[in-house]
Amino acid sequence: LTGAAQMVYMTTNQTVLQLIIPDEMRGRVMGIYMLNQGLMPFGALMAGALADVTSAPTAVMIMGSLVCLMALAFAVKAKEMRAA
């Protein structure tokens, strides 16, 4: 059930993304989008190594905190880019 929900989410996400971006930007945007798929195993490796050194709950907390910090940094940077 979880796998099916993930497939529906990913298909919907990619479809909406391709529908809303201009044709001249589609290749660039999809290239960045695909980086997510390529870098996911690297993140899993880092999370596994961190869980091995500490514990699984601690690793999830640290990795989640890093994601929140990166999202905040991107949000701040996006505001600067829109203002320019």
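Which residues make the nonpolar surface patch of about 380 Å²?

Tutor: The patch is made by Met-61, Ile-62, Leu-66 and Leu-69. A patch takes residues with over 30% relative accessible area and no salt bridge; nonpolar side chains (Val, Leu, Ile, Met, Phe, Trp, Tyr) are joined within 5 Å, and like charges within 9 Å. Accessible areas come from the Shrake-Rupley method with a 1.4 Å probe, and for residues only the protein chains shown count as cover.

Before going on, note that this is a predicted model, in which local features need pLDDT of at least 70 and side-chain atom pairs count only at pLDDT 80 or more, while totals for chains, interfaces and linings use all residues. Residues are numbered from 1 along each chain as its sequence is written, and side-chain values use heavy atoms, with hydrogens and water left out.

Leu-69 lies in helix H3, residues 56–83, and is exposed, at 55% relative accessibility. Buried means under 20% relative accessible area, exposed over 50%, and partly exposed in between (1.4 Å probe, protein chains only).

Ser-55 sits in the loop between helix H2 (26–53) and H3. Ser-55 is partly exposed, with 28% relative accessibility. From Ser-55 to Met-81 there are 26 residues in sequence and 39 Å in space, C-alpha to C-alpha.

Now the whole chain. The protein has three helices and zero strands, in the order α-α-α. Its radius of gyration is 16 Å, well over the 12 Å that the globule rule gives for 84 residues, so the protein is more spread out than a compact globule. That radius is taken over C-alpha atoms, and the rule is 2.2 Å times the number of residues to the power 0.38. Helices (H or I, at least four residues) and strands (E, at least two) are DSSP runs, numbered from the N terminus. The C-alpha trace spans about 45 × 40 × 20 Å along its principal axes.

Of the 84 residues, 6% count as buried. The protein exposes about 6900 Å², and carbon and sulfur atoms supply 74% of that area.

Last, the salt bridge, meaning a side-chain nitrogen of Lys or Arg within 4 Å of a carboxyl oxygen of Asp or Glu. The count is one. The side chains of Asp-23 and Arg-26 form a salt bridge at 3.0 Å, N to O. Asp-23 is exposed at 59% relative accessibility, and Arg-26 is partly exposed at 27%.
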